[in-house]
Amino acid sequence: QGTLTPIVNNPADALPTLPLLECLKSLAQDPDNTTWIVSGRDQVFLDTFLGSKIPRLGLSAEHGSFMKTEGEWTDRLKEADMSWKSSALIVFQKYAERNPGTVIEQKKSSITWHYRNALYLEKAERQSQACFEELENISGVDRLVGKMNVEVRSALVTKGQVVKRIKEDECYDFILCAGDDQTDEDMFGTLESESRAFCVFVGPLTKKTKAKYSVESSKEIVCVLEQLVSVQ
């Protein structure tokens with residue numbers, strides 16, 4: 001959510017619309033295109049709402065921890081030490097208990113504390129900084145401040161690494177890369193020196209980003225994709 005669908009209070013409700021699915025299907029089925037969704041969502045979500053509906057669509061789950069090509073998922077953290085998760089969970093549980101209405105989301109490669117629906121939002125926002133600082137004591141992870149959330153993930157994979165791997169497979173004449181949060185800056189950074197790449201940040205036009213271009217909403221970036229479909 002945030003890039004191709006609007007941000008909603010419950011992330012599970014941020015589902016792709018039928019027009020978006022049709023647009024992605026048109027792009028993916030063209031043999032001259034390589035189309036990928038590089039997401040923080042887990043494998044089940046991506047398979048259910050995208051992979052099962054769009055053949056030839058590349059999928060990357062949990063910020064690059066898993067990649068799916070030709071129907072098979074690859075676990076890029078299969079041999080990684082994930083013992084840090086227990087320490088991170090203790091920190092998040094402490095802040096969740098202090099802030100009613102907040103929730104902890106656990107994935108295979110990351111843990112996120114969401115406070116968008118906190119009963120006392122201002123209090124949760126203040127404590128999110130303390131939570132972020134406390135996570136600094138955990139090694140082997142990246143800490144991220146998102147949109148009403150604090151996330152800790154394995155430092156071994158990023159979305160930028162996924163883009164680099166995709167880019168190395170073939171020589172492309174044109175690359176469009178869009179994203180809306182801090183994890184997407186890794187992708188923009190990977191493509192920064194590529195003259196054929198057009199990176200688009202989705203969100204406030206005043207936001208500092210490595211992307212060269214910006215649009216304010218997911219609706220606008222979907223319109224860009226629809227225009228690409230129309231000229232194929």
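These legends go with several close-up views of one predicted model.

**View 1**
Let's start with the overall layout.

**View 1. A closer look at the interface of domain 1 and domain 2.**
How many residues of each domain are in contact with the other? Domain 1 brings 13 residues and domain 2 brings 10. The size of an interface is often given as the accessible area lost when the parts come together. Here the two domains bury about 920 Å² between them, and 50% of that area is on carbon and sulfur atoms. On the domain 1 side, look for Glu62, His63 and Leu77: these residues lose the most area to domain 2, together accounting for 39% of what that side buries. The interface is also crossed by 2 salt bridges.

**View 2. Salt bridges, up close.**
Side chains of opposite charge can pair when their charged atoms come close. In one of them, the side chains of Lys147 and Asp180 meet with 2.7 Å from N to O. In another, Asp142 pairs with Arg153, with 3.8 Å from N to O. Asp142 belongs to strand β7 (residues 141-145) and Arg153 to strand β8 (residues 149-154), so this pair ties together parts that are 11 residues apart in sequence.

**View 3. The second largest pocket and its lining.**
This pocket has a volume of about 430 Å³. Which residues lie nearest its centre? Of the 20 residues in the lining, they are Trp36, Gly58, Lys68, Thr69 and Glu70. Two elements, β3 (66-69) and α5 (159-169), each give two or more residues to the lining. Sorted by class, the lining has 6 nonpolar, 8 polar and 6 charged residues.

**View 4. The largest cavity.**
Rolling a probe the size of a water molecule over the atoms shows where empty space is left. The structure holds 1 cavity of 30 Å³ or more, and about 50 Å³ of space lies in the largest cavity. Its lining consists of Phe188, Leu191, Glu192, Ala197, Phe198, Cys199, Lys210, Lys212 and Tyr213. Which strand gives the most to this lining? Strand β10 (residues 197-202) does, with 3 residues. By class, the cavity lining holds 6 nonpolar and 3 charged residues, with no polar ones.

Notes:
Residues numbered from 1 in each chain as written. Predicted model: local features only at pLDDT ≥ 70, side-chain atom pairs only at ≥ 80, totals over all residues. Heavy atoms only, no water. 1 Å grid on protein atoms, 1.4 Å probe; cavity = no way out; pocket = protein on both sides within 12 Å on 5 of 7 lines; lining within 4 Å. Points joined across faces, edges and corners; volume = space filled by probe spheres on them. Helix = DSSP H or I, 4+ residues; strand = E, 2+ residues; numbered from the N terminus. Nonpolar A, V, L, I, M, F, W, Y, C, P; charged D, E, K, R; others polar. Contact = heavy atoms within 4.5 Å. Buried area = accessible area lost by both parts, 1.4 Å probe. Salt bridge = Lys/Arg side-chain N within 4 Å of Asp/Glu carboxyl O.
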